[in-house]
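Visitor: Hello! Could you walk me through this model, starting with the place where the chains meet?
Guide: Gladly; let us look at it together.

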Amino acid sequence: MSEAQEIIANTEIDQDTLDAVKSLSTYEAGFETDIEMEYAPKGLNEDIIRLISKKKEEPQWMLDLRLKAYAHWLTMPEPKWAKVDFPEMDYQDAYYYAQPKNFDAKPKSLDEVDPKLLETYAKLGISLKEQEVLAGVEGAAQVAVDAVFDSVSVGTTFKKALSDVGVIFCSISEAIQDHPELVKKYLCSVVPMADNKHACLNTACFTDGSFVYIPPGVKCPMELSTYFRMNAINTGQFERTLIIADKGAYVSYLEGCTAPMRDENQLHAAVVELITHDDAEIKYSTVQNWYPGDENGTGGIYNFVTKRGLCEGVNSKISWTQVETGSAITWKYPSCILKGDNSQGEFYSVAITNNKQQADTGTKMIHMGKNTKSRIISKGISAGRSDQTYRGQVKIMAGAEGARNFTQCDSLLIGNQCGAHTVPYIDNKNPTSQLEHEATTSKVGEDQLFYCKQRGISEEEALALIVNGFCREVMQNLPMEFAVEAQKLVGISLEGSVG
Amino acid sequence: MTLMKSLPTQKLERWKYTNLPARLKKFEREIATAEITFDGLNDLIMPYTNDNPDWVNEITSRSPAGEAQYKDMALWTAANDAPQDGYIIDVPVNYQTGKPLTMIMTGGNAEQVSPRFIIRLARGAELTLIEHQTGEGAYWNNAVMQIEIGDGAIFNHYRFQDNSHDAVMTVNTHAQIARNGQYNAFTLTTGASMSRNQIHADLKGEGAACYLNGVNLLDGKRLGDTTITVEHQAPHCESRQDYRSVVGDQATGVFQGKVHVHQIAQQTDGYQLSNSLLLSQQATMNTKPELEIYADDVKCSHGTTSGMLDKDALFYLQARGIPKAQARALLIQAFISEVTEQITHDDIREQATAIIEKWLTAL
């Protein structure tokens, strides 16, 4: 494929979109950045994959892996078991690669990055300028950010401070070039290439994402974070995240995502792989706020994500915390494979659906090692005409002596047009294990609302208050910076669901 | 062997834990008529033939329960394809009697039977049915039971599943409960190499209730599957499921329960509990308690636990001079009694307790 064949398109915002943005003030991240983009031709085929690989200047082995995944993806059936309803996807009607124009000559530092891009992130409240962060309130936590804009990583902050302690934090494209031995060893080791159709598609055409490696014995000095922004129209975002915590290491990682408001559905198929060795710990937090579509269910992101962590070593720990408020459809099951003895897995989730959103989310805890422990706390809130399902599996293998699981899933229904479902699978093959599962479904108490209103709190505020109380156990597990944002999000997501 | 075609495979979501075709492949059998005897209340019973009263035809012609949602009615279809035999129990308006009706179903070697039971309780009637399943040799009994409970009627249904340990027992019970009606079911499973106790209850009128309880005692290489769906189709209904499984040796226990609350069914009270004890290294317990809720003013909860006997409790008893085997039996008995004690009929409760004690001594 020659460079000449690439189409270059201008993404002009049309008047309709502008109007839509004005009329809907609820989704604050719904603006679009007017920046010249460069696209690969629409559709997906081997040439596109070769193009992506070439753009990323990847070695042959990576291209081979992509092509193998693509060939396999063609043969795989669409997963249909989730309780979500959407029309069959046309994979050929999307762009698989979009980058800001002139990005071929990679910016050496953040100073060279198009100011418009930096503005986008500033608008979203994410500062990519280290000085600003440093000049901020004294004592404020430092967060290193990797910003991904459509298909490319815009920049990564605090690289130097991190590399001083040996932490590798960069985009996955850089990692493929600079640390091929690590990538080769761990990529697809937790989520196999052909795990499921969406993950397989991701392997074939992932464009960017973050790579983290924490060397033995290092406690990462600051929170690491990646901010995903889907800007270009009709593009799919396929990011790939790989985090490795070597023996005794610790890292806390945050992920945020937003997209502009559009009438079309956009696909986001990501894969996240975590690996912890002996005594290591990864804490992974997500605030997912993709555009959820409007109140009639038009537009929004299809969020089909495969997230899985492997507790490879003894005494290792992986903790997933997620706040899911966005996306038209969420299909996401962050899981833990507890292979090492005494390893621990945790899953804390708040999922809020409003209007016509659909969410099928949960977790899998596969206990293999002895004395492995897992804890699942899931809080689902459905409002409007949305549908939400908790789908989870706790599996105790025969060798998992003394395994322990505690699961609690609570659902809250707001309005009589929504649905809340619980589908847990509990498979036990070891008598010394102890498993407990509890689930409840209820509505917001009239008396609670009345109590708040009587004290002069408006109905919407009262609802946000009650719901935040309902999710407290999960919110407490979010890092400070995220907790505040998440609480605000809860309020925004539920706007219009009472009264 | 035309029936083999429509058998449910593990690819079906609701059969993922139970491999029926594999178990059925193990023995040859011929289509036969089920051997069924009744004791007492003969005036209520008539045989199910090819020429049935209209109301019976009306019930049997209905589409199978849950067909639209679950598409797991393969058993039902299999039973429909087989020659029609079985019994009709028709209980008139306001019928009351202190006497229970006893039914004994006996399986014979190399038989394949598909009996059908149509049970109707008219307004205000009350009936207690004690169902014994027993037999010898390897056979497959695939029964269908359609129960219609009228306004304010109460049906107490006790089932003692003690089939031969080489047999396969599958039973599909569909209960439709009208306003203020009540369906109380208790199943004690001690038999069959593989059993599937599938219950579908529709709460169709306001104030209807269903209480589904059971104890599954599994040893050897046996598999005991309890699959329940309760559909709340009207407001102010109550449903309760309470199951205990004790799984030893290389046995497998399966519990799948689903409470489906329709949008109209406000003020629903739904509860589901499945606790299981694993007694050996090779024992397996698969649990899938589901909730599907479309109404907001409801109280629904479920719980499930799975684990081994409490070591401390065992130690406590041993420290007081009770031999280990006896202490174990005592604790298992206590675990099960949470369910058996809910049986209101004294004779039946004693009967159940005796069977459980016998099973525990043999353990």
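Visitor: How many salt bridges does the rule find across the interface of chain B and chain A?
Guide: This is a predicted model, so side-chain atom pairs count only at pLDDT 80 or more. Across the interface of chain B and chain A, the number of salt bridges found by the rule is two.

Visitor: Which residue of chain B meets the side chain of A:Lys83 in a salt bridge?
Guide: A salt bridge needs a Lys or Arg side-chain nitrogen within 4 Å of a carboxyl oxygen of Asp or Glu. For A:Lys83 the N to O distance is 3.2 Å, and the partner is B:Glu292.

Visitor: Which strand of chain B gives the most to the side that touches chain A?
Guide: Two elements give two or more residues to that side of chain B: strand 19 (284–293) and strand 20 (299–307). The one that gives the most, with 10 residues, is strand 19 of chain B.

Visitor: Which strand of chain A pairs with strand 19 of chain B?
Guide: The pairing runs in the antiparallel sense over six bridges. Within strand 19 of chain B, B:Glu292 stands opposite A:His421. The partner in chain A is strand 24.

Visitor: What area do chain B and chain A bury between them?
Guide: The size of an interface is often given as the accessible area lost when the parts come together. Here 34 residues of chain B are in contact with 34 residues of chain A. Carbon and sulfur atoms carry 46% of the buried area, which is about 2,700 Å².

Visitor: What separates the C-alpha atoms of A:Cys311 and A:Thr276?
Guide: A:Cys311 is in strand 14 (residues 300–311) of chain A and is buried, with a relative accessible area of 0%. A:Thr276 is among the residues that A:Cys311 touches. The two are 35 residues apart along the chain, yet their C-alpha atoms are separated by 5.1 Å.

How values were computed
Residues are numbered from 1 along each chain as its sequence is written. Chains are lettered from A and ligands numbered from 1 in the order in which they are written. This is a predicted model: local features need pLDDT of at least 70, side-chain atom pairs count only at pLDDT 80 or more; totals for chains, interfaces and linings use all residues. Side-chain values use heavy atoms; hydrogens and water are left out. Helices (H or I, at least four residues) and strands (E, at least two) are DSSP runs, numbered from the N terminus. Buried means under 20% relative accessible area, exposed over 50%, partly exposed in between (1.4 Å probe, protein chains only). Contact means heavy atoms within 4.5 Å. Buried area is the accessible area (1.4 Å probe) that two parts lose on being put together, summed over both. Two strands pair if DSSP finds at least two bridges between them. Lists of a residue's contacts leave out its neighbours within four places in sequence.
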